[in-house]
Amino acid sequence: MCAAQTSTQPAVKDNYAIEARDLNVFYGNFHAVKNINLRIERQKITALIGPSGCGKSTVLRAFNRMNDLVPVARTTGQVLFHGKNIYDPDVDAVEVRRRIGMVFQKPNPFPKSIYENIAWGARINGFKGNMDLLVEESLRGAALWDEVKDKLKQSGYSLSGGQQQRLCIARAIAVKPDIILMDEPCSALDPIATLRIEELMRELVEQYTIIIVTHNMQQASRVADYTAFFMVDDARTGFLVEYGESDQIFTKPKDRRTEDYITGRFG
Amino acid sequence: MVSQQNDFLKNVTREQLRQIFIGAERWSEIDPSWPDTPILRFIPGADSGTLDFFVAQVFGDSLDDLPKADLLAILTANVSAGRLRALNAERAVVERTREEILELVITEIVRPAIVESWSLTESIFQRPAIEAEVAAIPNAVMEFRSWLTWDFITSPQSSDPATAGVFTAILGSLWVTLIAFLVSVPLGVGAATYLEEFSKGSKLDGLIETNINNLAGVPSIIYGMLGLAVFVRFFGQITSGIAFGMADPSTANGRTILSAGLTLGLLILPLVIINAREAIRAVPKALREGAYGLGATKWQTVWSHVLPYALPGILTGVILSVSRAFGETAPLIVVGVSTFIVVNPDSPFAKFTTLPVQIYQWTSRPQEEFQRLAAAGILVLLVLLLAVNATAIFLRNRFSRRY
């Protein structure tokens with residue numbers, strides 16, 4: 001286990017988007033994840049995989065301080081973003097979340113019009129430019145524009161599940177974040193909608209760093225440039241087993257446990 | 001009909017007769033040759049039909065068709081000075097409308113009296129007996145009437161059941177409920193938002209929470225005592241309007257609409273808070289996370305997403321609470337509602353009565369007619385409550401359809 005913690009850094013230069021150092025998250029007395037060290041590459045897709053309850057979502061949420069919203073959650077260690085620990089007392093969690101956007105497991109558009117869904121985030125972040133243009137740009141960026149351009153005033157709820165999820169992605173990119181976190185974004189979608197989101201992720205990665213949590217190993221191998229494999233110990237505490245380029249993780253895993261998992265021997 | 005002592009009255013013209021009955025105080029004012037003594041008038045009873053005949057002869061018209069000036073003259077000339085002062089104290093007689101003065105002439109001078117009344121079932125099943133009884137009373141007219149009429153709704157309170165109405169009470173109820181609404185809704189929704197979204201779970205917050213839950217079960221009369229001690233007595237200068245120079249000169253104490261509204265506002269505040277908290281708690285976590293994920297502050301999230309989403313639920317609680325305030329009686333009696341009042345309330349600093357208090361007061365009177373009025377009042381109260389609720393439910397459904 002100790003080996004897992006120290007030997008999992010891929011050989012990278014300084015070109016990382018965000019880095020976790022000795023990250024531990026507790027929910028009350030429960031130690032959810034321990035000693036995570038993870039460097040996320042800029043403008044790449046990094047997938048976090050592992051069995052249920054291994055803490056991959058917790059790690060993802062630690063990257064933009066979403067765990068702060070859970071009253072009993074406590075985080076130790078560092079998450080470095082542009083060289084600054086986002087858990088420092090002088091850092092505003094709201095500002096962190098503006099720079100590091102998030103897309104959730106279940107599509108959660110606001111109960112407002114499609115237009116308003118995108119404009120709201122920009123407006124609260126002080127956007128002063130041409131809102132119509134921004135809405136169009138964001139919807140085009142999320143490959144949704146052609147489908148909704150004639151019904152921008154309709155409720156976001158009127159869209160299909162896949163469209164709603166792309167709306168949530170459009171909403172996230174409208175505030176122009178550096179990193180987009182995606183927490184199992186396709187788990188509530190059918191295969192065709194999933195494929196569209198995956199294509200979209202490949203387009204978005206030209207501009208954004210994407211971290212995705214997924215249960216689906218095929219998805220991770222299809223879209224992710226890097227993959228981190230998490231496991232859970234006897235105390236149900238999650239830890240990082242192996243981290244590297246997806247090709248290597250899925251074809252020649254260094255760790256026996258990774259191999260067991262990806263070949264379907266457990267999990 | 002002339003008293004035999006007034007032997008000077010021989011060839012009185014119709015114009016002189018008119019003056020005798022309206023305006024002139026002394027005989028000499030009409031004709032200098034007549035003695036300088038006060039005119040004593042004896043008005044014929046209305047039941048006999050003589051008054052109508054008399055009016056028709058002297059004024060060439062029936063009472064109903066007389067202009068305001070003549071009615072006013074008849075009234076001032078024929079009621080006692082003390083009664084006139086009392087009427088003027090309520091509201092200057094000259095300022096009242098023609099219809100109101102006509103009503104006063106009928107109630108003060110003609111004085112029709114209800115000798116007996118029967119219920120609907122008695123009217124239907126014992127009709128011969130009733131007719132026989134009516135025939136035995138001299139000058140009696142039998143009238144089949146509904147107590148719930150448009151006049152009943154638009155007339156002020158009166159000591160005469162035939163003309164009494166609930167308009168003043170309806171206005172009082174609406175005023176008081178409006179103030180209770182304005183007090184409890186912003187305060188209650190604000191408190192619920194704080195407790196659900198911003199509270200850090202401190203000891204003080206826990207104490208507040210326990211108190212709110214307990215206050216929801218406190219008997220309403222206790223709130224009445226609180227209102228009496230705090231709003232009527234302690235803040236009397238404010239609730240009476242003296243502090244703003246807007247006091248009602250006939251009361252100038254704290255027993256006003258404002259005190260009652262504040263008391264009822266306090267009474268329903270725990271209900272509003274508890275219901276609003278439930279509604280806020282039911283807002284899906286995903287919605288909040290979506291907003292936080294975009295870099296929204298807590299306040300932006302609450303204001304733009306949580307409260308709009310919770311609004312239909314909050315409104316449901318408000319509807320229930322306001323209906324409760326509308327029908328509440330006991331605390332108002334303690335706070336000092338007026339039991340008999342004919343002046344419509346026109347400001348928060350006015351005396352008032354409310355519909356439930358009016359009904360309560362009518363049911364406690366011995367005359368059967370007032371109990372019939374109470375029944376009619378209850379129907380009005382029910383219809384108003386249904387109307388208020390229907391409006392609120394309509395509004396709520398409109399809000400929830402937006403999503």
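One salt bridge (a side-chain nitrogen of Lys or Arg within 4 Å of a carboxyl oxygen of Asp or Glu) is found across the interface of chain B and chain A in this predicted model. It joins the side chains of R61(A) and E289(B), at 3.0 Å from N to O.

On the side of chain B that touches chain A, two or more residues each come from α15 (285-293) and α16 (298-327) of chain B, helices being DSSP runs of H or I with at least four residues and strands runs of E with at least two, numbered from the N terminus. The largest contribution, seven residues, is that of α15(B).

In total, 16 residues of chain B contact 23 residues of chain A (heavy atoms within 4.5 Å). The two chains bury about 1,700 Å² between them, 67% of it on carbon and sulfur atoms; this is the accessible area (1.4 Å probe) lost on being put together, summed over both parts.

Over all chains, the count of salt bridges is 27. In one of them, E19(A) pairs with R39(A), the closest N and O atoms lying 3.2 Å apart. E19(A) is in strand β1 (residues 16-27) and R39(A) in strand β2 (residues 30-41) of chain A, so the pair ties together parts 20 residues apart in sequence.

Local features need pLDDT of at least 70 and side-chain atom pairs pLDDT 80 or more, whereas totals for chains, interfaces and linings use all residues. Side-chain values use heavy atoms, without hydrogens and water; residues are numbered from 1 along each chain as its sequence is written, and chains are lettered from A and ligands numbered from 1 in the order in which they are written.
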